[in-house]
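Open the model in your viewer and keep the selection panel at hand. Each stop below gives a selection and what to look for.

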Amino acid sequence: MGPAGTITDEGLLVAIGEGDRDALRELYDRHAAWLLLRLRRRGADGTLAEEVLQDTFLAVWRKPQSYSGTGPVAAWIWGIGIRRLIDRLRRTWALQPLARGREETVVSAEDEVLLGVEFGDLAGALASLSPELRAVIQATVLDGLTTREAARLLRIPAGTVKTRMMRARAQLREELT
Amino acid sequence: MTWHVPVEALRRYESGAIDATQQLSIEAHLVACDFCRSALAGSANRSALGRTWQAIEAELAAPAPGVIERSLLAFGVSDHSARLVAATPSLRRSWLLAIAAVLTLAVLVANGAEGGYIFFLAIAPLLPLAGIAAAFGPGIDPTYEIGIAAPIRGFRLLLIRSVAVLASTIALAAVAALFLPALDWRAGAWLLPCLAVVATALALSTIVNPLRATVWVAATWLVGVGAATWAATGEASARAVFGQQMQVAVVVVAIVAGFVLRARREELERGEHR
């Protein structure tokens with residue numbers, strides 16, 4: 001591939017739009033590794049992560065023009081990947097009952113973490129968030145999901161996502177001032 | 001960007017042994033940093049990535065399924081059955097257009113002349129018959145060679161395709177019948193003869209080659225209709241020719257043909273009588 005290494009991701013997308021498979025390969029070499037890892041960190045285990053990775057790059061191949069041209073290409077790829085993951089997870093969830101007891105642990109875990117606040121810096125503030133609140137921050141702020149998509153990924157009602165988001169913001173604000 | 005994720009932190013991210021805040025920070029950085037991404041790619045799980053790329057390439061090489069195949073898949077038909085149906089020559093657009101053209105002509109004739117009804121009712125049953133004949137055979141079926149070697153029963157393929165061709169052609173003929181001068185029982189009088197000639201041709205295909213069987217059945221049908229019309233002593237009415245007696249007769253023929261087909265289905269395995 002050689003010289004392809006000097007082409008930007010945006011340039012690769014243009015080439016993919018013209019049907020250049022080598023460009024897709026190059027984009028895959030650049031982005032597949034982190035995408036696979038990050039999918040695994042979002043609950044995609046074993047072959048599921050690989051299936052989502054495959055779905056994602058096939059989507060890139062079919063619709064490279066859906067990249068708006070703003071922001072890093074990696075963020076756009078992640079947006080496709082996380083949504084494909086949600087689709088796949090929902091299909092497997094449809095076959096099994098909702099994880100039991102998840103909602104019940106929320107309050108106690110949060111209370112526990114709220115009591116343990118002792119840092120003033122951002123990293124510490126984030127770390128002090130309960131896992132439930134942090135998951136909401138991660139899904140909305142970092143993964144760029146809408147409230148509804150985050151609700152699907154986390155398997156909680158959309159209203160719960162909103163209240164947790166508010167609580168997380170309030171908690172962060174309090175700790176950083 | 002001047003700051004990069006320390007190698008040691010990347011390793012911990014890869015293994016999953018990392019606290020949530022650092023994970024957030026690394027993920028946010030990776031989206032924007034080419035350098036750290038390639039650092040991660042350098043130590044990545046090659047086999048998983050290679051496997052997935054092969055799957056992607058295979059997907060890219062596969063031809064996109066056509067309209068028929070996609071709609072069959074949407075209705076829950078298994079993918080190999082959908083492919084078999086979609087490969088049927090007599091479900092091509094050109095074929096269906098030809099069927100539509102013949103039907104249009106037949107309807108025009110039926111609207112124009114008093115005896116035109118007989119023409120329509122004589123032609124309509126032959127269209128699925130021709131479609132089924134064209135669905136098989138070395139000269140016409142592009143998958144014929146593949147079919148001989150395929151681990152699928154020839155009889156099953158025959159039934160799948162026959163049903164698909166019958167369904168599509170009958171649908172076209174039914175639409176055409178709506179344009180007949182009068183919407184009475186005559187508009188549907190071709191349906192039973194249609195099933196009868198198809199069943200007879202399939203049954204006959206267990207004895208002689210399918211093309212010959214089709215030609216014989218079609219010729220017999222046309223001669224029979226012609227004779228009946230002539231015997232109706234000049235009164236060229238569809239009622240006299242396609243009336244109750246004839247409908248009962250074709251049902252009997254269809255049932256007999258069905259039994260013959262069932263008893264002799266082994267003879268229809270591909271490669272025989274060709």
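This is a predicted model: local features need pLDDT of at least 70, side-chain atom pairs count only at pLDDT 80 or more; totals for chains, interfaces and linings use all residues.

Residues are numbered from 1 along each chain as its sequence is written, while chains are lettered from A and ligands numbered from 1 in the order in which they are written.

Pick V250(B), A257(B) and L261(B), the buried residues of α15(B). Seen down the helix axis, they fall within an arc of 40°, so they line one face of α15(B). The arc is taken over the directions from the helix axis to the C-beta atoms.

Show the whole of α15 (residues 244–263) of chain B. Its 20 residues reach 29 Å from first C-alpha to last, close to the 28 Å expected at 1.5 Å a residue. That expected span is 1.5 Å times one less than the number of residues.

Zoom out to chain B. It has 15 helices and zero strands. Helices (H or I, at least four residues) and strands (E, at least two) are DSSP runs, numbered from the N terminus. Of its 274 residues, 33% count as buried.

Next, the interface. Here 25 residues of chain B are in contact with 28 residues of chain A; contact means C-beta atoms, placed from the backbone, within 7 Å. On the chain B side, α2 (20–32), α3 (34–42) and α4 (46–61) each give two or more residues.

Move to chain A and select D9(A), L12(A), A15(A) and I16(A) in α1(A). They meet A23(A), L24(A), E26(A), L27(A) and R30(A) in α2(A).

Last stop: R155(A). What is its phi? It is near 60°, a positive value in a residue other than glycine. R155(A) sits in the loop between α8 (147–154) and α9 (158–176) of chain A. R155(A) is partly exposed, with 13 other C-beta atoms within 10 Å.

Conventions
A residue is buried if 20 or more other C-beta atoms lie within 10 Å of its own, exposed if 12 or fewer, and partly exposed in between; C-beta atoms are placed from the backbone. Two residues are in contact if their C-beta atoms, placed from the backbone, lie within 7 Å.
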